[in-house]
Amino acid sequence: CMCWIFSDLLMCSRTYVLLIRKHSWVKEMAENISIKQEKEKETKEKRLKPEEEKEESTPRKNVPAKITIPQARFVLDVDRFMQEPENSSAEVVLKRFDEQHTKYKFLEANLLEKKKRLRHRIPDIQKSLDMIKMLKSKQDLNETFVAHYPLSGGVHTIATVPPTKTVFLWLGANVMLEYPIDDAAALLEKNLKTATTSIEEIERDVDFITDQCTTIEVAVTRVYNWDVKDRREKKLKQLT
């Protein structure tokens, strides 16, 4: 039994030594791989490190508020711009610019439509808020008042409104919900502030899009003139 135990211990010690050697070898190999990857990453970063800002980049004066709007490229040096790999011909570049211009115009139309809806919504919110403030004042004074309200198309009737603690608000989609007066006032004030802020953000977005459309139109003009000049020079070379 002692011999068996000794042999088992010997085998275990050999296995432990082999595991330690294997572990150290794996660790060393992993460190070498990590060092190699870091060197490759540094080399790649050096190769792909961008040069100084090109003259084609234009400062963003009107930064969009929430939505992500791509910035149009300002083409200053047309010869340098047309030598880039993706600009194989003037037709390809002009087609790409036209697609970008169409996208900007489509986005601008959507933003203007949204702004129009918000402008129509703000007066309604303000009227509802004024009415709730009036109901709150009547509640504090414990007074009733007489009101005229539309019954149907072109027909109004008179109602006597007693002091009340709750009001009903239209939430849209034929949904009406009862609120305490204070909660209703807080909700309408929040909606009014949100609508006003949204209009300001939309105006900044529209200004930014207008700048990008102008940038693209200038680039289209320069590329078109470059193409006309290039074709004229090629014809003169053929004639000579």
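The side chains of Asp 230 and Lys 234 meet in a salt bridge, at 3.3 Å from N to O. A salt bridge here is a side-chain nitrogen of Lys or Arg within 4 Å of a carboxyl oxygen of Asp or Glu. Both residues lie in helix α4, 4 residues apart, about one turn of the helix. Helices (H or I, at least four residues) and strands (E, at least two) are DSSP runs, numbered from the N terminus.

This is a predicted model: local features need pLDDT of at least 70, side-chain atom pairs count only at pLDDT 80 or more, and totals for chains, interfaces and linings use all residues. Residues are numbered from 1 along each chain as its sequence is written, and side-chain values use heavy atoms, with hydrogens and water left out.

## The chain overall

The protein chain has 4 helices and 4 strands. From the N terminus on, the order is α-α-α-β-β-β-β-α. The chain has 240 residues, and 20% of them count as buried. Buried means under 20% relative accessible area, exposed means over 50%, and partly exposed is in between (1.4 Å probe, protein chains only).

The chain exposes about 18,700 Å². Carbon and sulfur atoms supply 57% of that area. Accessible areas come from the Shrake-Rupley method with a 1.4 Å probe; for residues, only the protein chains shown count as cover. Consider next the contacts with a separation of 6 or more: residues 24 or more positions apart account for 58% of them. Contact means heavy atoms within 4.5 Å.

The structure holds 10 salt bridges. Glu 91 forms one with Arg 231, and the closest N and O atoms are 2.5 Å apart. Glu 91 lies in helix α3 and Arg 231 in helix α4 (residues 181–239), so the pair ties together parts that are 140 residues apart in sequence. Glu 91 is partly exposed, with a relative accessible area of 43%. Arg 231 is also partly exposed, at 44%. Glu 91, Asp 227 and Arg 231 are linked in a network of salt bridges.

Lys 115 forms a salt bridge with Glu 203; here the closest N and O atoms are 3.4 Å apart. Lys 115 lies in helix α3 and Glu 203 in helix α4, so this pair ties together parts that are 88 residues apart in sequence. Lys 115 counts as buried, at 19% relative accessibility. Glu 203 counts as partly exposed, at 30%.

## Other residues on these helices

Glu 200 is also found in helix α4. Glu 200 is partly exposed, with a relative accessible area of 43%. The C-alpha atoms of Glu 200 and Lys 115 are separated by 9.2 Å, although the two residues are 85 residues apart along the chain.

Glu 108 lies in helix α3. At 13% relative accessibility, Glu 108 counts as buried. Leaving aside residues up to four places away in sequence, Glu 108 touches Val 206, Ile 209 and Thr 210.

## The aromatic pair

The structure holds 1 aromatic pair. Phe 81 and Phe 97 form this pair, which is stacked: 6.1 Å centre to centre, with 10° between the planes. The pair links distant parts of the chain, 16 residues apart: Phe 81 is in helix α2 (residues 78–82) and Phe 97 in helix α3 (residues 90–141). Both Phe 81 and Phe 97 are buried.

Rings of Phe, Tyr and Trp (its six-membered ring) pair if their centres lie within 6.5 Å. Planes under 30 degrees apart count as stacked, over 60 as edge-to-face and the rest as tilted.

Strands β1 and β2 (residues 155–161) run antiparallel and are joined by 7 bridges. Two strands pair if DSSP finds at least two bridges between them. Ala 147 stands opposite Ala 159 in β2. The two strands form a hairpin with 2 residues between them. Gly 154, in the turn, has a positive phi of about 80°.

Tyr 149 is placed in strand β1 (residues 145–152). Tyr 149 is partly exposed, with a relative accessible area of 37%. Together, Tyr 149, Leu 151 and Val 155 make a nonpolar surface patch of about 280 Å². Patches are made of residues with over 30% relative accessible area and no salt bridge: like charges are joined within 9 Å, nonpolar side chains (Val, Leu, Ile, Met, Phe, Trp, Tyr) within 5 Å.
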